Amino acid sequence: MTPPAGSFETGWPSALLDEIAAAGTVAVLTGAGVSAASGIPTFREAQTGLWTRFRPEDLATPEAFAANPARVWQWYQWRRSLIARAEPNGAHRAVARLQRHLIDCRVITQNVDGLHERAGARVSALHGNIWRQRCQRRCGFSETATEPDDRPEPPPCPACAAPMRPDVVWFGESLPADVLKAAVTAVEHAEVVLVAGTSGLVYPAAALPEQALARGRTVVEINPDDTPLSAVATVRCRNAADAALPALCEALALPD
Ligand code: OAD
């Protein structure tokens, strides 16, 4: 089937809908833009992005944690407090709906907020989960919290007394190998890859759409703004994910 080309804002192209419906195999790769409508700040957007207000090298590297564990710990607890007040939005619900009703829909996220999971999706979380914390020394201990931890310092690991740290991937660290493998498999398996709400600047996540394109798959970018992927994506949907993804579910006539 010849993939449709071009850009649209609303009204999913019928050829693309036919392709998704006929194949039934879709991978969805999401980034911070998918949680924007829930009130969670993105990273790189002018004015509001976290990395315009904070320096990642002070907060999201192993070196930052070694130099000032309290500052890093408190920053992640602040982010937890924002997420704790947030609810999944239409984009998260639509992704879960696609997963429930398509033959095979695998979801890969760079987000650590857990909102996809709260909306009912099973995800490969490439960058970890902000609600999980683990032993910094990797003794094997990890635990999941349900609210921000207001202790000013990272608590000691109950098993070995090394400091606990957020179980997220920091700059300079490798992604969990099993999660990355599942993501690559998902993209290789899918006829259509939907890429929603990511600037596509952080690797290896940004390589996943490139791998799909190299295999001749249809890659649909859902983002109101241009990214490096925009020039090469098969189709661009110039709309917010919280509008575009529910509209896709409706156009495919998926049950709730
Ligand atoms: P970015 O902040 O880099 O990009 C967010 C993208 O979402 C931008 O391209 C926006 O145009 C777009 N966007 C904003 N609102 C949107 C909406 N309602 N619908 C659709 N798109 C929207 O965030 P990520 O690409 O997720 O890594 O960043 C990737 C990684 O960089 C993050 O996982 C994090 C960060 O450093 C780690 O912490 C390891």
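# Pockets, cavities and strands: a chat

Trainee: Which residues lie nearest the centre of the largest pocket?

Mentor: Ala32, Phe43, Arg44, Thr198 and Ser199 lie nearest the centre, out of 42 residues that line the largest pocket. Keep in mind that this is a predicted model.

Trainee: Which elements give two or more residues to that lining?

Mentor: Those are helix 5 (69–84) and helix 10 (241–251).

Trainee: And what volume does the largest pocket have?

Mentor: About 840 Å³.

Trainee: How do the lining residues of the largest pocket divide by class?

Mentor: There are 21 nonpolar, 14 polar and 7 charged residues in the lining of the largest pocket.

Trainee: Let's step back to the chain. What domains is it divided into?

Mentor: Domain 1 is made of 7–39 + 88–127 + 175–251, and domain 2 of 49–85 + 131–168. The contact takes 4 residues from domain 1 and 5 residues from domain 2.

Trainee: How far apart are the C-alpha centres of the two domains?

Mentor: The C-alpha centres of domain 1 and domain 2 lie 28 Å apart.

Trainee: So where does the largest pocket lie relative to domain 1 and domain 2?

Mentor: The largest pocket lies between them, because domain 1 and domain 2 both give residues to its lining.

Trainee: Nice. What about the second largest pocket, how much space lies in there?

Mentor: About 270 Å³ of space lies in the second largest pocket. Its lining has 17 residues, and Gly128, Arg132, Asp167, Val169 and Pro176 lie nearest the centre.

Trainee: Which strands supply at least two residues of that lining?

Mentor: Strand 4 (123–125), strand 5 (128–135) and strand 7 (164–168) each do. The largest share comes from strand 5, with 4 residues.

Trainee: Which way do strand 5 and strand 7 run, parallel or antiparallel?

Mentor: Strand 5 and strand 7 run antiparallel and are joined by 5 bridges. One place to look is Gln133, whose bridge partner in strand 7 is Pro166.

Trainee: And what joins strand 5 to strand 6?

Mentor: Strand 5 and strand 6 (residues 142–144) are joined by 3 bridges and run antiparallel. Gln133 turns up again here, standing opposite Glu143 in strand 6.

Trainee: What is there to see in the hairpin of strand 5 and strand 6?

Mentor: That hairpin has 6 residues between the strands, and Arg138 takes a positive phi near 60° there.

Trainee: Switching to strand 3: why is strand 3 called largely enclosed?

Mentor: In strand 3 (residues 104–109), 5 of the 6 residues are buried, so strand 3 is largely enclosed by the rest of the structure.

Trainee: Which sense does strand 3 take with strand 2, parallel or antiparallel?

Mentor: Strand 2 (residues 25–30) and strand 3 run parallel, joined by 6 bridges. Thr30 has Thr109 in strand 3 as its bridge partner. Strand 3 also pairs with strand 4 in the parallel sense, over 3 bridges. In that pairing, Ile108 has Ser124 in strand 4 as its bridge partner.

Trainee: Now the cavities. How many cavities of 30 Å³ or more are there?

Mentor: The count comes to 2 cavities of 30 Å³ or more. About 130 Å³ of space lies in the largest cavity. Of the 13 residues lining the largest cavity, Ile40, Pro41, Phe43, Arg79 and Asp113 are the closest to its centre.

Trainee: Which element gives the largest share of the lining of the largest cavity?

Mentor: Helix 5, with 3 residues. By class, the lining of the largest cavity divides into 8 nonpolar, 3 polar and 2 charged. Domain 1 and domain 2 each supply at least three of the lining residues of the largest cavity.

Trainee: And the second largest cavity, what lines it?

Mentor: Its lining includes Thr109, Asn111, Asp113, His116, Glu117 and Gly128. Helix 7 (115–118) and strand 5 each supply at least two lining residues of the second largest cavity.

Trainee: How much space is in the second largest cavity?

Mentor: About 40 Å³. The lining of the second largest cavity has 2 nonpolar, 6 polar and 2 charged residues.

Note on methods. Residues numbered from 1 in each chain as written. Predicted model: local features only at pLDDT ≥ 70, side-chain atom pairs only at ≥ 80, totals over all residues. Heavy atoms only, no water. 1 Å grid on protein atoms, 1.4 Å probe; cavity = no way out; pocket = protein on both sides within 12 Å on 5 of 7 lines; lining within 4 Å. Points joined across faces, edges and corners; volume = space filled by probe spheres on them. Nonpolar A, V, L, I, M, F, W, Y, C, P; charged D, E, K, R; others polar. Domains from an automatic or database assignment. Buried < 20%, exposed > 50% of the residue type's maximum accessible area, 1.4 Å probe, protein only. Pairing = 2+ DSSP bridges. Contact = heavy atoms within 4.5 Å.
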